[in-house]
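Visitor: I'm new to reading protein structures. Could you walk me through this one, feature by feature?

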Amino acid sequence: MMNNRFGYGNPFFLFCLPFFAGLLLSAGTGKVQAAQSEGNIRVLLMDTDYATYEHPSVTVVQDGIETTYTPQSPELSQGTVLLEGGTEGITVTSIVRGDGCPTYPGTLELTSTGQGILLINELPLEEYLKAVVSSEMPSSYSMEAQKAQAVCARTYAWRQMEEGKLFGYGADVDDSVNYQVYQNVFPTEASAAAVEETAGKILCKDGEPIQAYYFSTSAGVTSTDEIWGAEPAADYLKSVACDFDSQEPWSRWSVEIPWENLDAAARSLLPEGGALTALEIRKKSESGAVTGLTVILENGSVEVENEYNVREFLSPSGCVITEKDGSQTVGGRLLPSAYFSLEYTAGDSILLQGGGYGHGVGMSQNAANEMGRMGYTFEEILDYFFQDVEIELLASMGDS
């Protein structure tokens, strides 16, 4: 939802053809009606490094036969190549994910752009979700947490299918953290059960599906979408105290970043500004996340706005992050969260002490796991993190 919307799909837990356009609430039925009954979603597959949609070549194994396609392959010169997965699915050996080379159910469409190949997997929404839940949340987590994850993932997918952000590619979502991670970890018995036991259920407010965001670990409180500049914040995204995940390693962390790293980042924002001289936290959200940073250089200053940009500017890439339990890991492109304090010596380094992992909006996955272990149902978990929402049933899923 991040994340950096989502958790486990990122290193530490971390959706455009509108197939379901025309969403309507059936009066008195508690079901959401779909305009298209097949219930398929179209997923644009990225390359191994999640760097591009255009694959230089694609190698597949279908019915035991291996075939390699390039942008100049004769088959692609005639248009899109459609491969049927049948009962065994199609393995794409030119893509490597967390569990190895993924096998895709449904169909694969290959289209040449001249410079590369676009690869789209079309499959039933519920089958897609089984491979999202396993990629976004460990199968060892409590079943009620995984059910809550399944409902969030289904709701998020539905919203993306409505909004059509990847319409130009003929897809609904991609398979990365840009939307939801898909097929990084293959479906498990637990993820399949969580999807099946919540079949068709989504979160709605006043009959409309919500943006069911989720993230890895809180800093003791959750955020609303104000951290991304939403005015007003969505009324269903409440900020709540959250201590269920307070014992998680990522609930507290610290990292020291060399001044030269931030100087380079500052100069990229304001090339004529000269050297970096100071940093100031200018704005925080109601929940305490840093949403505004003033970057002061010798010949000017620049404002870094919203949670994501702040985390990107303060990138800990290559730096050692120490977690609450003393364990250490090398940082990536984004700061773990926007909940932090800073102190520094100009020209030397900056020390960031913070908490949480991910954007902090919606449901904390680690908190949900602990709540499930404590006996909370998935409905109660969702009700805790989202304000005045109802669980509705997609009409295309039947009466169960």
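Guide: Let's start on the surface, where Asp206, Glu208, Glu379, Glu380, Asp383, Asp388 and Glu390 gather in a patch of negative charge. Before going on: this is a predicted model, where local features need pLDDT of at least 70 and side-chain atom pairs count only at pLDDT 80 or more, while totals for chains, interfaces and linings use all residues. Residues are numbered from 1 along each chain as its sequence is written, and side-chain values use heavy atoms, leaving out hydrogens and water.

Visitor: What makes a group of residues a charged patch?

Guide: Patch members have over 30% relative accessible area and no salt bridge, and like charges are joined within 9 Å. Asp and Glu count as negative, Lys and Arg as positive, with His and the chain ends not counted. The place of a charge is taken as CG of Asp, CD of Glu, NZ of Lys or CZ of Arg.

Visitor: Which helix gives the most to the negative patch?

Guide: That's helix H8 (residues 378-385), with three residues. Helices here are DSSP runs of H or I with at least four residues, strands are E runs of at least two, and both are numbered from the N terminus. Asp383 sits in helix H8.

Visitor: Does Asp383 count as buried, partly exposed or exposed, and why?

Guide: Buried means under 20% relative accessible area, exposed means over 50%, and partly exposed is in between (1.4 Å probe, protein chains only). Asp383 counts as partly exposed because its relative accessibility is 46%.

Visitor: Which residues other than glycine have a positive phi?

Guide: Tyr50 is one of them, with phi near 55 degrees. Look for Tyr50 in the loop between E3 and E4; its relative accessible area is 30%, so it is partly exposed. Asn306 is another, at about 75 degrees. Asn306 lies in the loop between strand E18 (300-305) and helix H6 (307-313), and is partly exposed because its relative accessible area is 22%.

Visitor: How many salt bridges does the structure hold?

Guide: There are 16. A salt bridge means a side-chain nitrogen of Lys or Arg within 4 Å of a carboxyl oxygen of Asp or Glu. Take Arg97 and Asp175: their closest N and O atoms are 2.8 Å apart. Arg97 is in the loop between strand E7 (90-92) and strand E8 (103-104), and Asp175 in the loop between strand E11 (173-174) and helix H4 (189-197), so the pair ties together parts 78 residues apart in sequence. Both Arg97 and Asp175 are buried.

Visitor: Where do Lys130 and Glu196 lie?

Guide: Lys130 and Glu196 also form a salt bridge, with the closest N and O atoms 3.1 Å apart. Lys130 is in helix H2 (residues 125-136) and Glu196 in helix H4, so this pair ties together parts 66 residues apart in sequence. Lys130 counts as buried because its relative accessibility is 12%.

Visitor: What separates Glu163 and Arg159 in helix H3?

Guide: About one helical turn, because they are four residues apart in helix H3. Glu163 and Arg159 form a salt bridge, their closest N and O atoms being 3.0 Å apart. Glu163 is partly exposed, at 32% relative accessible area, whereas Arg159 is buried, at 17%. Elsewhere, salt bridges that share partners join Arg42, Glu109 and Glu122 into one network.

Visitor: One last stop: which loop holds Glu54?

Guide: The loop between strand E3 (40-44) and strand E4 (58-62).

Key:
Patch = residues over 30% accessible without salt bridge, like charges linked within 9 Å, V, L, I, M, F, W, Y side chains within 5 Å. Areas by Shrake-Rupley, 256 points an atom, 1.4 Å probe, with all protein chains shown as cover.
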